[in-house]
Amino acid sequence: MSVSAGRDAKEDILLELEKVESDIVEVALESPVQSLYGGHIRALIQRVLHESGVTGVWIKAKDAGALDWVILARLESGLKRLIPGFRKNLAPEKVWDFRPQVPRDHMRRSRLYLPGMQPDLMTGAALFQPDGIILDLEDSVAPSEKDTALILVRNAILAVDFGACERMVRINPLPAGLGELPALLDTDGVDTLLVPKAERAEEIGQLARYIREYLNRTGNARRIWLMPILETAMGIWKACEIGASCDGICALAFGAEDFSKDIGARRTKQGTESFAARSMLVLGARAAGVQPIDTVFSDVDDEAGLLSSTKEAIGLGFEGKGCIHPRQVRVIHDAFRPEEAEFRWAVKVKRAMDEAHAAGRGVVALGSKMIDPPVAARALKVLKTAAFYGMVPEEGGADE
Amino acid sequence: MSDLLVNAVGRRVPTEANGKMQVPFMGVGAHRPKGNKAGVPIPSNADFPKDKRIANLRSALELSGVRSGMTIGIHHHFRDGDLTVNALFDTLADMGVRDLIFAPSALFPAHEPLIRHLESGVIHHIEGSMNGPIGRFCTHGRMRGMGILRSHGGRWQAIQDGELHIDIGIIPAPSADVMGNANGVNGPSACGPLGFALADAMYADKVIVLTDHLVPFPNVPWEIPGMYVDYVVEVEKIGIPEKIISGTTRITKSPTRLLIAEHVAQFIEEAGFLGASFQAGAGGISLAFIQFMARRMRAQGIQAPFARGGSTGLLVDLLKEGLIGYILDGQSFDLDGVRSLRENPRHIATSPFTSYNYHSKGNIADHVGVAVLGATEVDLSFQANVVTHSDGLLLHGIGGWQNTLFADLTILAFPLFRGRIPIVVEEVMTVCAPGEMIDVVVTERGIAINPRRRDLMDRMRNSRLPIETIETLREKALKICGRPAAPVRDLIRPVACVKWVDGTALDAVFLLPE
């Protein structure tokens, strides 16, 4: 009997494993880094098999520069496919210092999708500085590779330096997605789970309970945020209920592709078919007190289109946009930068507030206009964003 | 077997190569050879007909007096689309000559068939560059003589100070007349400048021009003047146009490489070099940084006095836009470059003599502000390698790389690791650049400034770019990739000698068992 695991692709390794009538383990390696890492790779495989007590296996490996955490993931997948009952996790050592968990209202302007089977895209993802990275187990992974993708994603969380990015994983729709939780939660490195095809508040509530119980049982004090993805008519209809289904929800995200299919419309660049749904999602999320997050923009080469689509989303009340390519991150961040005029207005409002406060006045006015509390709050939010972008008021500009 | 001596960068270099004494590298700018430049025999007009055409290459070689042990020179302007080199050596093999020294200005994958002639002994060794399979052949110690690796400028230097004497210079030309006046901008196989052939024209004992586009006299411009030419041979086809144009001139789509290119452009601006003249290349990052730099120049209304290159459509557009004053062109990488050279008076053909030569009274390379280059390795003392990989295999030529290191700001830009192999290493396999020549190393995961450049360190103190030490870059690479094994080379058997631009021996490539 023989099985395979992995891919014959950049920075990955394709393993073929076969049971043989012998006590030894044989590794045949083909690799472009043979002379520099061949010995290391063979020794790694031999050591792991020895420690796992596996013998009588012949392994043919076609490597294309895979790093150790990838090799371990592919080896674990192969062994689990070859030997029913093989339970051992071949997880790499955690080598990066995880930064503290992100808060519930973390800035989520951009989230970069990384297909769960492609290690080459994971290694450098944080260099493009998206607010979050999403290791995807759902749509980008073929049904036959769900098992291997989960192991690869788990190892990536442990071994890859995702820097300041929020570490998100998109699990498979419930209930299948539940089975993926132990491997992910045990890493102690996941910030947020994206739950696709969310339609019912009870389901999300159950998921939250499951997570809480699992973490309690394993003595883990971590908090996991949930971001349900609404991508059906039913999901949109129940937006507020889903958003308020438990206190671990940080955001509601929109999924345009599946939504269009669900309502029987074709997805267009203008997004007319989803306009009402996106507005409803914003309303539902705001009513539930969580962030509304927009879908991805799928034409990677159309930067102008992405910019206007993001500005439109901001106009509708969204706080974030999805990316399917690193190049999209900067464009999205540019779209979220406050306009100069808006910034100058916010500076003036803040000055007026400070003056009113110093004078002990309860009422804030800008010229002849009264500043209501919600307006003041919006000005403060603009200033906070502007500060993040390093915008500074011009000298005397606030008084003109 | 050759003795080895330790030179000024601490590398063991051969004292003799192919029967010629080698001067060990003594430091940048330290070597001053004496005497006069090489000369050629005095020709007389009376011996040359108006029409220099000969029926075929074989006859021209016979008339040139070809015999075993001679040195044959050729240029590489046709790149991978060259149709002359393989046919030339098939002919020479057929004529029964052996032990030839082949001195091309560069070789390409298309030239792999030469291995047959290296094995049979038709070619004794190669002086110039060895790429891919031929480099591998050399690394494994299978070449009869010792390979000599020189930069483009180094080829002129070696010809002029007599170290490299070319007996027969072969000049395939996209356009020529019966006197031998030749250029590279006209004809079906137009390739741009022919500057790499100029040394062969001026210094070879015999010069043969081959063309598939014979035009009536006068063939203008005559970048290769017919007064240097002995014979003209018409052939059916001189090159494969789509392969003459390098495949590397498209701007990379790799997000990592684009990120590095953006880092480079930002560094240039923050270090105060925006608007300086620059060296332009064809590949990946050294092409991509130009568009980001141009964006910054445009935003600030700054122009650069000239770009030296390697012309491409991108560079031509900048010239038309007025963002650069001139293109000083050594080779055209695409058809836009060829057309511009033909039509735009501010697009000037240069040769390695004007650009890079050590035995001249100043050269263009000294006037370049910024050069952004690649490398196969750089080490903790900023020494860089461009010919061998970390596994010890010789896979690339030096090209103009060493010559452009004389820019005011020399930046090496590459990913921190390629296919798991770290590029920042403890000590380079082969020194092609002394550490003092490299000012900055830019990667996607951090930027290191050579501590010798205090001025740059000061200027970049408050930069938001990820400035690190070179040691930190090394540690980052090791943390991701793991430590590679060291290849086992035979360190008493040099197979090739790496020359510095002044002709001294900078390092050696040592035999790597198969």
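User: What percentage of the 514 residues in chain B do buried residues make up?

Analyst: In this predicted model, 58% of the 514 residues of chain B are buried. Chain B holds 15 helices and 30 strands. Its radius of gyration is 22 Å, close to the 24 Å from the globule rule for 514 residues, so chain B is as compact as a globular protein of that length. Along the principal axes, the C-alpha atoms of chain B fill a box of roughly 70 × 55 × 40 Å. Of the contacts in chain B with a separation of 6 or more, 72% join residues 24 or more positions apart.

User: Which residues are buried in helix 11 of chain B, and where do they fall when seen down the axis?

Analyst: The general idea comes from helix geometry. An α-helix has 3.6 residues a turn, so residues three or four places apart point the same way. In helix 11 of chain B, residues 335–343, the buried ones are Gly337(B), Val338(B), Ser340(B) and Leu341(B). Viewed down the axis of helix 11 of chain B, these fall within an arc of 165°, so they line one face of the helix.

User: What do the buried residues of helix 11 of chain B pack against?

Analyst: Their partners in chain B are strand 16 (304–311), helix 10 (313–321), strand 17 (324–332) and strand 18 (347–349).

User: How many residues of chain A are in contact with chain B?

Analyst: The size of an interface is often given as the accessible area lost when the parts come together. Here the description is by contacts: 16 residues of chain A touch 17 residues of chain B. On the chain A side, helix 1 (residues 34–51) gives the most, with 5 residues. The residues of that side divide into 9 nonpolar, 5 polar and 2 charged.

How values were computed: Residues are numbered from 1 along each chain as its sequence is written. Chains are lettered from A and ligands numbered from 1 in the order in which they are written. This is a predicted model: local features need pLDDT of at least 70, side-chain atom pairs count only at pLDDT 80 or more; totals for chains, interfaces and linings use all residues. A residue is buried if 20 or more other C-beta atoms lie within 10 Å of its own, exposed if 12 or fewer, and partly exposed in between; C-beta atoms are placed from the backbone. Helices (H or I, at least four residues) and strands (E, at least two) are DSSP runs, numbered from the N terminus. The arc is that of the directions from the helix axis to the C-beta atoms. Two residues are in contact if their C-beta atoms, placed from the backbone, lie within 7 Å. The radius of gyration is taken over C-alpha atoms; the globule rule is 2.2 Å times the number of residues to the power 0.38. Ala, Val, Leu, Ile, Met, Phe, Trp, Tyr, Cys and Pro count as nonpolar, Asp, Glu, Lys and Arg as charged, and the others, Gly among them, as polar.
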